[in-house]
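These are my notebook entries on a structure I am reading for the first time. I set down what I looked up, entry by entry.

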Amino acid sequence: MGLRSNTLLLVFSCWFLVSCKIETKKYSDSQVFRYNEHANIATLDPAFAKDLRTIWVTNQLFNGLVKLDEKLEVQPDIATSWTISEDGKTYTFNLREDVTFHKHILFGKDSTRTVVASDFEYSFNRLQDPAVISPGKWVLEFVEEFKALNNSTFVVQLKQPFPPFLSLMSMKYCSVLPKEAVDYFGDNFRSNPIGTGPFQFKLWIENTKLVFRKNHYYFEKDENGVKLPYLEAVSVTFLPDKQSEFLQFIQGNLDFMSSIDASYKDDLLTSEGNLQERHANKIDMISGPYLNTEYLGIYLDAEETEVSSVKIRKALNYGFDRVKMIRYLRNGIGTPAVNGFIPKGLPSFTNMQGYTYQPEKAKELVQSYIKETGNLNPSITISTNSQYLDLCEYIQREVQKTGLEVHIHVMPPSTLRQTKVQGKLSIFRGSWVADYPDAENYLFIFHSKNFSPNGPNYVHYSSKEYDNLYEKAIKITDAKKRRLLYNQMDSLVMESAAVIPLYYDEVVRFTQKNISGLGINPINHLDLTRVKKDEAI
């Protein structure tokens, strides 16, 4: 280690000790928000925030130009306002001038500095940098160029109109970063994050514990002028066992839990999806739509003749009772998917007619297929992982009553993903969670240009009519007109029966009685900025 590195390390050590002495205040456990993650978090760099657990933690540390509220409407974040050109291709963002990065010796004498437009220019360039290999690079796919006009004005020019663009800008990939920190830490920025968010990084023992402390210089205030956040700290543990997490929560050692597992769902919830009486006076539960469609996908280019028949595909859709499945296997959590592929919770969701339980119609379709093909013993195979085995076994029992033999192939999640992408599965269990709250996020996957393995069209659905509607829709800035085309596209996919929607998921959150202000949203993002924790009740 050179003299310069030793000197800088010594300065860092001294700064850290002084910083701790200055900023450390006595606070009780009542000011710490505690929750658990089942899997380890691989990074705290927002450029790699591709999964929910990473989005949750980076959301506490970083800000972007805009953010989404609980109704999924775009709201100002670091950008106070913006204008969109008449042709829908130029976005001009006006930035706040009171946002500073988390305190750190890298910023010199003042230990911080104000965020300016060139910081966004740098952050977007980094997102696109091939050397960074960010999984979020795609969010700038429609961007022609971007530049800082001055310290408080940032302009983005699109290649063509793309109405969901503002929603894309709310993703954590688009967070603002300080060049000084990324240059200094390099790859280790993943474990030394410096952002602008309501909390700042304090400690990370991988696979064990993650701690954030309150950012006392955060720019947001509540409606009464009180500086946010209210909490003093956030503590995340990494217990891999969901039963252990549940016990920790019930014992009051965790403030928040956001999962339902088969090991404890009957202990916690009734079959109608309500809290069991013995828990109702101890914890609170809130639920709402989650932008996630759980489904069975049918690979239309499969060699099996059964799945290439629209009669068999429709028989599968008609052949089981989604309402009963949700009630008894999901304890009422979720909405039976009897409409289209677009889930409940999006403005584009409609009560369009999809597939309901019609067993006699399913039998007629199977018999018609047998008569038409001479295949007296038609059979299919559903591939799934163990987590969804109970749902697939239920579908197996019900569909076999139609005269169609059903086999189930259980495989590890990683194998299921890989073979699905490679087109080796005729029917597979899948889910599609929205990256951004626009129905385009659910419909682009059926465009013929997105065939797997190079895109997410795992079913190889292809329709010129559909492609033309899609190309037209993404250029229309009028939301109502765009939704009409979205609904037509959704109807085309349902008519083909290329997918079998199972249910539209729900966000379910459990908190201790002394937690308030947590809220809920259809993309299940965690925002702790306005959360309060009172003395234990």
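**Contact between two helices**

I began with the residues that bring two helices together: E465, Y466, L469, Y470, K472 and A473 in α15 meet R482, L485, Y486, Q488, M489, L492 and V493 in α16. I note here that the model is a predicted one.

I next looked up the extent of each helix: α15 covers residues 464-473, and α16 covers residues 479-496. Their axes come within 9 Å and cross at roughly 160 degrees. Angles over 145 degrees count as roughly antiparallel, and α15 and α16 are therefore roughly antiparallel to each other. For the handedness, I recorded that α15 passes α16 in a left-handed crossing.

I then turned to strand β10, which comprises residues 233-237. Is this strand mostly covered or mostly uncovered? I found β10 mostly covered, with four of its five residues buried.

I looked up which strands pair with β10. Strand β1, residues 32-36, pairs with β10 in the parallel sense over five bridges. In this pairing, I located V32 opposite A233 of β10.

Strand β9, residues 209-214, also pairs with β10, in the antiparallel sense and over five bridges. Here I found K209 standing opposite T237 of β10.

How values were computed: Residues are numbered from 1 along each chain as its sequence is written. This is a predicted model: local features need pLDDT of at least 70, side-chain atom pairs count only at pLDDT 80 or more; totals for chains, interfaces and linings use all residues. Side-chain values use heavy atoms; hydrogens and water are left out. Axes are lines fitted to C-alpha atoms, for helices over the stretch in contact, and angles run from 0 to 180 degrees between N-to-C directions. Angles under 35 degrees count as roughly parallel, over 145 as roughly antiparallel, 65 to 115 as roughly perpendicular and the rest as oblique. A crossing is left-handed if the near helix is turned anticlockwise from the far one by less than a right angle, and right-handed if clockwise. Contact means heavy atoms within 4.5 Å. Buried means under 20% relative accessible area, exposed over 50%, partly exposed in between (1.4 Å probe, protein chains only). Two strands pair if DSSP finds at least two bridges between them.
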